[in-house]
Amino acid sequence: MKWSLSQLKTYRETPLQFDEALDLKHSLISRYPEIIDVKSVHATGLASYDKDNVLITAKIDATLTLPSSRSLTLVDVPLAFQMTEYYVPQGTDLSRFDEETDTVIILPEDDILDFDVAVEDNILIHIPMQILSEAEQDGAPMPTGKGWEVLSEDDQALQAAELKTVDPRLAKLKDLFPDQEDKD
């Protein structure tokens, strides 16, 4: 969905309402290659024009297929979030906007609002850092292979503690430098 600022000026009295299914699969996959599939992206919201600014508030629902961060098993990841953005023309005095709000202010190029790009940006921001399948969330064993295994943080801490124990054959070496004790 693209709009020009001049086109949106006609919506001073009543905001432009939209309820659209967006086809962002190709562009999302090209921007973030870890995405395997984009099953759906749906945007509902309002675009209102006020004082040479356009305020867009939208609710975005999307379902992405991504690899599990633990086992690379494919996982459908549902995303649902609100986005609020101000689009202001180039040269606008931005001091009137409150710095403490979480509203994003965008200066569109050539006075064209490309809402699809804004939705893509917000989807990429909302992808979780850790993605686990249902089995992994329910405590399935960690993946292992020939000569390797995935350790949880707790297991790694236990393993590090075991490695800190001194070999009894080397324990007498500690006495050579008593002032260096407990320095890691």
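Mentor: Two strands pair if DSSP finds at least two bridges between them. Strands (E, at least two residues) and helices (H or I, at least four) are DSSP runs, numbered from the N terminus. The model here is predicted, with local features needing pLDDT of at least 70 and side-chain atom pairs 80 or more, while totals for chains, interfaces and linings use all residues. Residues are numbered from 1 along each chain as its sequence is written, and side-chain values use heavy atoms, leaving out hydrogens and water.

Trainee: How do you know that E4 and E5 pair, and in which sense do they run?

Mentor: There are 14 bridges between E4 and E5, and pairing asks for at least two, so they pair. Their sense is antiparallel. One example is Leu-64, whose bridge partner in E5 is Val-77.

Trainee: How many bridges join E3 to E4?

Mentor: E3 and E4 are joined by 13 bridges and also run antiparallel. Ser-40 has Thr-63 in E4 as its bridge partner.

Trainee: What lies between the strands of each hairpin?

Mentor: The E3–E4 hairpin has two residues between its strands, and Lys-51 in that turn has a positive phi of about 55 degrees. In the E4–E5 hairpin there are six residues between the strands, and Leu-72 sits in that loop.

Trainee: Is Leu-72 buried or exposed?

Mentor: Exposed means over 50% relative accessible area, buried under 20%, and partly exposed in between (1.4 Å probe, protein chains only). Leu-72 comes to 65%, so it counts as exposed.

Trainee: Then why is Ile-112 called partly exposed?

Mentor: Its relative accessible area is 38%, so Ile-112 falls in the middle class. This residue belongs to strand E7 (residues 112–114). Leaving aside neighbours within four places in sequence, Ile-112 is in contact (heavy atoms within 4.5 Å) with Lys-2, Trp-3 and Ser-4.

Trainee: What makes a group of residues a nonpolar core here?

Mentor: The members are buried Ala, Val, Leu, Ile, Met, Phe, Trp, Tyr or Cys residues, joined through side-chain atoms within 4.5 Å. The largest such core in this chain has 34 residues, and those with the most contacts inside it include Val-41, Ile-56, Leu-64 and Phe-115. Elements giving two or more residues to this core include E3 (37–50), E5 (74–87) and helix H3 (115–126). E4 gives the most, with seven residues.

Trainee: What does Phe-115 touch, beyond its neighbours within four places in sequence?

Mentor: Its contacts include Met-1, Trp-3, Phe-18, Ile-56 and Met-83.

Trainee: Which residues form a nonpolar patch on the surface?

Mentor: Leu-170, Leu-173, Leu-176 and Phe-177 do, with about 440 Å² of accessible area together (Shrake-Rupley method, 1.4 Å probe).

Trainee: How much of the chain is buried?

Mentor: Of its 184 residues, 28% count as buried. The chain exposes about 12900 Å², and carbon and sulfur atoms supply 51% of that. Its secondary structure comes to five helices and nine strands.

Technical notes:
Patches are made of residues with over 30% relative accessible area and no salt bridge: like charges are joined within 9 Å, nonpolar side chains (Val, Leu, Ile, Met, Phe, Trp, Tyr) within 5 Å. A salt bridge is a side-chain nitrogen of Lys or Arg within 4 Å of a carboxyl oxygen of Asp or Glu.
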